[in-house]
Amino acid sequence: MKVILTGGTGLIGDRVSRYLAQQEYEIAALTRRAGQQSPHGLNLRFVRWDARTEGAWMSEIDGADAVVHLAGEGIFDARWTDDVKKRILQSRIETTRLLVQAIAKARNPPALFVSASAVGYYGDRGNEPTDETISAGKGFLADVCVQWEAEAAKARQYGVRIANPRIGIVLDKEGGALGRMIPVFRSFLGMALGSGQQWFPWIHADDVVRGLLYPLEQVRLEGAYNLASPNPVQMTEFCAQLAQSLHRPLWQWMNVPEFALRLGLGEAAQSLTQGQRIIPRVLNDAGFEFHYPMLAPALENILASP
């Protein structure tokens, strides 16, 4: 089975490519850094694309079984300015549009297009249990996700099954939110962000990989589905558990205020001080089994890994 992968050198994408290689899929990873040697086996090839223009890479789409699209500018790579927000949006919309164009040109288009999205689709939902029946929220990230999913949906007219995993906050000590929090907590400076009452829709990195690829196994799984633990926690509880796992204290009488986060992150701070009580109803109904449904074992596994 041949899978086309974008974003294969990112934090999640690297794990996805390793998993696919171990499962003996044939993988063509679209990347600007083509020519590098595969670290995961001979069934992984790097194919050059610039994510902006048509080219020879489009022939890879023809005859492929699936496309897994993870490419996009990192949300926390830089402080949000108007220019950074424009890049975040364009890096998702333009790459998705380009892939749909390649699918349209293919004589044998792929049966499946997995195009990533995020729980930011729902905006700030307070304490509301949020499954896939909940409509889009407000704010920049919600707008990005709505446009992102709409662009991917255009491939449906070519007979392609579309899956949009709305990804929660991925726990991986090598990067992302947890990767940034660990050194702070280890330095005895751990404290909750914002009010501490906002919901934190976390997911173990191993489960996000398996959940992203679940539509390859389950041919009836399509459309949007939440990819986050079935047991979300509030920010204070998450930080308390992280502190305990690292054998460090938590400053329970003091939180990092939103204005301080805004100084460093700009408008991006709202993605940490707002939250969603995510329920992965579609995955649960499809029979997906989370290996790490509870926070404490998930953190212990991540922190113990080499």
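Is Lys154 buried, partly exposed or exposed, and at what relative accessibility? Lys154 counts as partly exposed, at 40% relative accessibility, where buried means under 20% relative accessible area, exposed over 50%, and partly exposed in between (1.4 Å probe, protein chains only).

## Basis of the model

The model is predicted, so that local features need pLDDT of at least 70 and side-chain atom pairs count only at pLDDT 80 or more, while totals for chains, interfaces and linings use all residues. Residues are numbered from 1 along each chain as its sequence is written, and side-chain values use heavy atoms, with hydrogens and water left out.

## Salt bridges

Searching the whole structure gives 17 salt bridges, each being a side-chain nitrogen of Lys or Arg within 4 Å of a carboxyl oxygen of Asp or Glu. One of them joins Lys154 to Glu151, with the closest N and O atoms 3.0 Å apart; Glu151 is buried, at 7% relative accessibility.

Arg45 and Glu60 form a salt bridge of 2.9 Å, N to O. Arg45 lies in strand 3 (residues 44-48) and Glu60 in the loop between strand 3 and strand 4 (66-69), so the pair ties together parts that are 15 residues apart in sequence; helices (H or I, at least four residues) and strands (E, at least two) are DSSP runs, numbered from the N terminus.

Arg45 is partly exposed, with a relative accessible area of 32%, whereas Glu60 is buried, at 13%. Both residues belong to a network of salt bridges that also links Lys2 and Glu26.
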